[in-house]
Amino acid sequence: MLKSIFLVLLLLCSVVSCYEDDVINEDDPDDEVVTDEEIADHNYDPPLEPQVVETVIPGPPQEKVVERVMSTPNLTQEELTSQVMPERFKCDTCQIMVFTLGNAFKEYEKSLPPKKKMKGLDILTVMEIVENSCAEDKYNGHVIHEIDGVAQFCGPAFPDRKINGLTLGRGPWRRRYRGYCGAVLEDYEEEEIYELYRSGNLFSDLCLKKDCKDTLSKTPEVVDFKAFSRVEL
């Protein structure tokens, strides 16, 4: 009887030993055998192969996206906060002033009858034009823009300057224009200003000899107002 029990136990130990050899031993790093039992009991997942994801961008291959970084004109703190026209903008401001004066004189003279054109405008009209030329709204249409790294005015008085980017047009600029214009014109009588216009020397006398002396060498074409030709009666 005891002998039979011993044989049964020996047989059971042999079966268990064979089973353990077929299953991966988690404590043995050299055991790389993977069995069906291991997959079922341990949720084994085989390693994934590396995947290559190819992204196709629609559109022609030669098409390029150009990113343009724009910034506001580069001004100093004093130029941003000062109540008076900054020094480096005075020549441009003078050109706006002469452009305004010249166009106003020209438009009023167009309305004169042929017989009065040689004599020109009366003094009251001239005084009104000169006085209104320094109004803040005469600055309208002009902005500060950076061209080739240099901040300068753009607008009707500068047809050759194209705006492409950010500008500065609000703030104190209209008030600065009024102050600058008044300071320049107060040194002249209204009749004197009109005579300078009639002789074609308005910009030369008001600007080129002063604030534009070191900036420009001649009167810009846009403000080169010539005297009216003699009208045959």
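Contact here means heavy atoms within 4.5 Å. Keep that in mind as we walk through this predicted model, where local features need pLDDT of at least 70, side-chain atom pairs count only at pLDDT 80 or more, and totals for chains, interfaces and linings use all residues. Residues are numbered from 1 along each chain as its sequence is written, and side-chain values use heavy atoms, with hydrogens and water left out.

Let's begin with two helices. In α4, L101, A104, F105 and Y108 touch T125, V126, E128, I129 and V130 of α6. Sorted by class, that contact has seven nonpolar, one polar and one charged residues. (Ala, Val, Leu, Ile, Met, Phe, Trp, Tyr, Cys and Pro count as nonpolar, Asp, Glu, Lys and Arg as charged, and the others, Gly among them, as polar.) The names come from DSSP runs numbered from the N terminus: helices are H or I with at least four residues, and strands are E with at least two.

How do α4 and α6 lie? Their axes are 10 Å apart and they pack at an angle of about 150 degrees. Axes are lines fitted to C-alpha atoms, for helices over the stretch in contact, and angles run from 0 to 180 degrees between N-to-C directions. Angles under 35 degrees count as roughly parallel, over 145 as roughly antiparallel, 65 to 115 as roughly perpendicular and the rest as oblique. So α4 and α6 are roughly antiparallel.

Now follow α4 to α7 (residues 173–185), where the axes come within 10 Å and cross at roughly 75 degrees. That is why α4 and α7 are roughly perpendicular. On the α4 side you'll find K90, T93, C94, I96, M97, T100 and L101, facing Y177, Y180, C181, V184 and L185 of α7.

Back at α6, its axis comes within 9 Å of that of α8 (residues 190–198), crossing at roughly 90 degrees. This pair is therefore roughly perpendicular. I123, V126, M127 and V130 of α6 meet E190, E191, I193 and Y194 of α8.

The largest pocket has 15 lining residues, with R88, F89, C91, D92 and T215 nearest its centre. α4 (90–110) and β2 (150–154) are the elements giving two or more residues to that lining, and α4 has the largest share, four residues. A pocket is an open set of points on a 1 Å grid over the protein atoms alone, where a 1.4 Å probe fits, with protein on both sides within 12 Å along at least five of seven lines; lining residues have an atom within 4 Å of a point. By class, the lining has five nonpolar, three polar and seven charged residues.
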